[in-house]
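Subject: Structure handover

Hello,

Here is the structure I promised to pass on. Please open it first, then read the notes below it.

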Amino acid sequence: MISVIIPTYNRGEHLIHVTKSLLDYLKRTYEVFEVIFVDDGSIDDTESVLKVLCDRHVEVGAIIMAHNCGQQNATLAGIRQAKYQVVLTMDDDLRYGLTGIKELVEKLNQG
């Protein structure tokens, strides 16, 4: 079981692609997971995109911050809402890829 936390700011146009890629990977790798996006006070369509994604995917949740608080505070808000003991944070552009997720969790499970 894993919680993936993704803080985001003004990335509405990219989140559908990011979510599809991430969910495709997680569904192949884990039986139980959640993805929590934290919108850090975006001024674009990020909030409305996240609402659509939450409606479409039971594994996706979103926290909408009232104003921009910074990436660290947005990340912490997501961590506080995580359901599972294993929590991984990611950037909203998947710059570091997805394969590292499994490697990190395996290392954690090894102690």
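Which side chain meets Lys20 in a salt bridge? The side chain of Asp24 does, at 2.8 Å from N to O. A salt bridge here is a side-chain nitrogen of Lys or Arg within 4 Å of a carboxyl oxygen of Asp or Glu.

Some ground rules before the rest. This is a predicted model, in which local features need pLDDT of at least 70 and side-chain atom pairs count only at pLDDT 80 or more, while totals for chains, interfaces and linings use all residues. Residues are numbered from 1 along each chain as its sequence is written, and side-chain values use heavy atoms, with hydrogens and water left out.

**Salt bridges**

Side chains of opposite charge can pair when their charged atoms come close. By the rule above, the count comes to three salt bridges.

Back to the pair in the opening question. Lys20 and Asp24 are four residues apart in helix H1, so about one helical turn separates them. Helices (H or I, at least four residues) and strands (E, at least two) are DSSP runs, numbered from the N terminus. Lys20 counts as exposed, at 53% relative accessibility. Asp24 is partly exposed, at 35%. The cut-offs are these: buried is under 20% relative accessible area, exposed is over 50%, and partly exposed is in between (1.4 Å probe, protein chains only).

Another bridge joins Lys51 and Glu47, with the closest N and O atoms 3.2 Å apart. Both residues lie in helix H2 (residues 46-56). They are four residues apart, about one turn of the helix. Lys51 is partly exposed at 48% relative accessibility. Glu47 is also partly exposed, with a relative accessible area of 34%.

Asp92 and Arg11 form a salt bridge too, and their closest N and O atoms are 3.6 Å apart. Asp92 sits in the loop between S4 and H4, and Arg11 in the loop between S1 and H1, so the pair ties together parts that are 81 residues apart in sequence. Asp92 counts as buried, at 11% relative accessibility. Arg11 is partly exposed, at 24%.

**The loop with Asn10**

Asn10 lies in the loop between strand S1 (2-8) and helix H1 (12-29). Asn10 is not a glycine, yet it has a positive phi of about 55°. Its relative accessibility is 27%, so Asn10 counts as partly exposed.

**The largest pocket**

Rolling a probe the size of a water molecule over the atoms shows where empty space is left. The search runs on a 1 Å grid over the protein atoms alone; a pocket is an open set of points where a 1.4 Å probe fits, with protein on both sides within 12 Å along at least five of seven lines, and lining residues have an atom within 4 Å of a point.

The largest pocket has a volume of about 170 Å³. That volume is the space filled by probe spheres set on the points, and grid points are joined across faces, edges and corners. Residues lining the largest pocket include Leu88, Met90, Asp91, Arg95, Tyr96 and Leu104. Strand S4 (86-89) and helix H4 (99-110) each supply at least two lining residues. H4 gives the largest share, three residues. By class, the lining has six nonpolar, three polar and three charged residues. For those classes, Ala, Val, Leu, Ile, Met, Phe, Trp, Tyr, Cys and Pro count as nonpolar, Asp, Glu, Lys and Arg as charged, and the others, Gly among them, as polar.

Met90 lies in the loop between S4 and H4. Met90 is buried, with a relative accessible area of 9%.

**Pairs of residues along the chain**

Gln85 is in the loop between H3 and S4. Gln85 counts as exposed, at 82% relative accessibility. Gln85 and Met1 are 84 residues apart along the chain, and their C-alpha atoms are separated by 7.6 Å.

Cys69 is in the loop between strand S3 (60-64) and H3. Cys69 is partly exposed, at 28% relative accessibility. Cys69 and Asp40 are 29 residues apart along the chain, with 6.3 Å between their C-alpha atoms.

Best wishes
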